[in-house]
Amino acid sequence: MPYSPPPRALSGPRRRSLIASAAGAALLVGCSAAPDSGDAGPSRAARARARAARDSASLLERYDAVAAAHPALEDRLRPLRAAVAAHAEAFGGAGATKSPSPAAATASGSATATPPAVPAAPKDALASLATAERDLADRRTRALLDVPGELARLMASVAAAGAAHAYLLTEAAK
């Protein structure tokens, strides 16, 4: 009787496929982007970079809200939050290296008027963060065709990191 290995259930995308898809997208887009139009407003790349910085800052606020609502998750979220802060900085936004306390953020005026809603259950909070990461990674992947080479490579890299964050958060929520 021949030996057949037991079937292995795949639980999500593998690291190689995430890296390969991001690298492939960057290669396809990197050299083919058209130059910006000569209009008087900000360039298409500048608008995309500003939007990406705002999106990363918004995601950073979600991480802070979940960590504030569920302090037990803070250690688990710290490395992912640090990566999101680095992404915000890479796009030209103001990324924070350390999570501010909710009282300090309110006193300094840096908190938004209405903080993001956080589910009561920790697993649901992780799942909501995973959904936010996945949605943002998908939007950034779709935007690759509209930006020039260097920004496309950055967006592809950050989209791949977002997809990996979504996977890790989904696994943690199980």
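Trainee: What share of the contacts between residues at least 6 apart in sequence join residues at least 24 apart?
Mentor: A contact means heavy atoms within 4.5 Å. In this protein the share is 75%. Keep in mind that this is a predicted model, where local features need pLDDT of at least 70, side-chain atom pairs count only at pLDDT 80 or more, and totals for chains, interfaces and linings use all residues. Residues are numbered from 1 along each chain as its sequence is written, and side-chain values use heavy atoms, leaving out hydrogens and water.

Trainee: How many helices and strands are there?
Mentor: Helices (H or I, at least four residues) and strands (E, at least two) are DSSP runs, numbered from the N terminus. The protein has 6 helices and 0 strands, giving the pattern α-α-α-α-α-α along the sequence.

Trainee: What span should helix α5 have?
Mentor: The expected span is 1.5 Å times one less than the number of residues. For the 22 residues of α5 (residues 122-143) that gives 32 Å, and the end C-alpha atoms are 32 Å apart, which agrees.

Trainee: Which residues of α5 are buried?
Mentor: Buried means under 20% relative accessible area, exposed over 50%, and partly exposed in between (1.4 Å probe, protein chains only). Among the buried residues of α5 are Ala 125, Leu 126, Glu 133 and Arg 140. The buried residues of α5 pack against α2 (44-69), α3 (74-90) and α6.

Trainee: Where is Ala 163?
Mentor: Ala 163 sits in helix α6 (residues 149-173). With a relative accessible area of 24%, Ala 163 is partly exposed.
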